[in-house]
Amino acid sequence: MAGVALITGADRGLGQALCAGLLDRGWRVFAGQYMPEWPELAALAERFPGAVEIVPLDVSSTESVAAAARAVAERCDRLDLVINNAGINAGRTELREGLDWDAMHRAYNVNALGPIRVVEAFLPLMAEGMRRLAFVSSEAGSIAMNGRQGSFGYCMSKTALNMAVRILHNELRPEGYTFRLYHPGWVRSYMSGQKNPRATLEPEEAAACALPFFLGDREDEDRLVLIDYEGREWPF
Amino acid sequence: MEMNAFVTGADRGLGLALVERLLEKGWRVFAGQYMPEWPALGALSERYADRLHIVPLDVTDDASVQAAAAAVAACTDRVDLLINDAGVTSPTMQRTIREAPDYDEMVRMYDVNAVGPLRVVQAFLPLTDQSAMKRLCFVSSEAGSINRCERKGWYGYCMSKAALNMGVSGLFNLLRPEGYTFRVYHPGWMRTYMSGQKSTQAELEPEEAAVPALAYFLRDLAEDQHTSTRHGADRLVMRDWRGREWPW
């Protein structure tokens, strides 16, 4: 069944590929645009005229998220799926070289607080839809499996995101909302500003793994789990 | 040999009680002071003028943290025990997703509770590197356990403590092979001032809570002997005041 989705961080990388994947499946997509100067979203809008609508969206700004929700509400009265995809890296990662506190705060604001802002603002539109909330998290948020000696800011932002999703789950699951918390793998995306050529998955490959999980059914919706692109569960 | 401790958030509550017990045990204590107008630390320094050093400290301000480390370094070249106790809650933190969560307060709690300890550990590394004990302690909370979280609302506080636990995990991976030892601790629900006013509902007085906390912070554990983190010889755990482990 095709529905209506909002995707944050849709400009490029995984967000862009998720947009294209949903459009291929016949969905109507509101694409959160952070970088109007980046050309790919406009190209996608030409490929799928009428099906994709670009919405300016900076998830680090409560005002921007509220404005985006108003803009979407003017154009539709039902949202089925919100994919919280927007994410950034967190600067210098080595403790003994001096951590970049401002970059850590930016990562927290985008990666952990951004999805809460988006859920808060778009919740009224979701009441009539399939009530599916998806979050692109990371294995980097798993404390139990953490082997890193650095990347403090990024890891902490993703752990905090996982906690936020857990609390959202506690609040909204009784209302019938269902949750997808996801590690997409190491994607050749632009999270550091430039496309990462060392990573293992093209965004299109990563989206092809992610969408069946975001759209499909799960046996036990009452238990929140972090699942990766190969279907493996990651402990918190 | 005289042992040196640095305690953040020492003005009152658990931090103050930890300072007092360390002094009773003969430690030299550098006490991070955030509220110079609060009288308890000053009163304590009259009793322990030779061993209690009050150091101005705002863990959200990198310059303040570095100045505190410099002030301690002027008195000693070694800190054996670092207790990251400073923490805040917020009067708006219980808001649910439909009650307009307070994002500014979430940022503030992250800054104090999660980033603050990293600022302190980073700034004090030259001093803790000189110690044989190298003990880093973190007052965390069961509220940071994602696995056990049953709360609705409380976003910013729970996220800050989960993030703290992750931050300590990175420190553990980096510093455990150098001989550092770690304690991540849930002190119980205390009658402290974390929200600005003293809680009257909680289970424990801070003086009671400081007893098992300090016992855990100071006790050497069998796993402390293994500097390797491989093969489970040592792993980071969060324990509460009854000794129970909490899952992440």
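**Note on the interface of chains A and B and the sheet of chain A**

1. Four salt bridges are counted between chain A and chain B (a side-chain nitrogen of Lys or Arg within 4 Å of a carboxyl oxygen of Asp or Glu). In one of these, Arg98(B) meets Glu175(A) at 2.7 Å, N to O.

2. This is a predicted model, in which local features need pLDDT of at least 70 and side-chain atom pairs count only at pLDDT 80 or more, while totals for chains, interfaces and linings use all residues. Residues are numbered from 1 along each chain as its sequence is written, chains are lettered from A and ligands numbered from 1 in the order written, and side-chain values use heavy atoms, without hydrogens and water.

3. The contact (heavy atoms within 4.5 Å) involves 45 residues of chain A and 50 residues of chain B. Together the two chains bury about 4,100 Å², 67% of it on carbon and sulfur atoms; buried area is the accessible area (1.4 Å probe) lost on being put together, summed over both parts. Arg96(A), Trp101(A) and Met163(A) supply 17% of the area that chain A buries against chain B, more than any other three residues.

4. In chain A, eight strands form an open sheet of mixed pairing, ordered β3-β2-β1-β4-β5-β6-β7-β8. Strands are DSSP runs (E, at least two residues), numbered from the N terminus, and two strands pair if DSSP finds at least two bridges between them. β3 (52–56) and β8 (233–234) of chain A are at the edges with a single partner strand each, so one side of each has no neighbour in the sheet.

5. β1 (residues 4–7) and β2 (residues 28–33) of chain A pair in the parallel sense over four bridges. Ala5(A) is opposite Val29(A) in β2(A).
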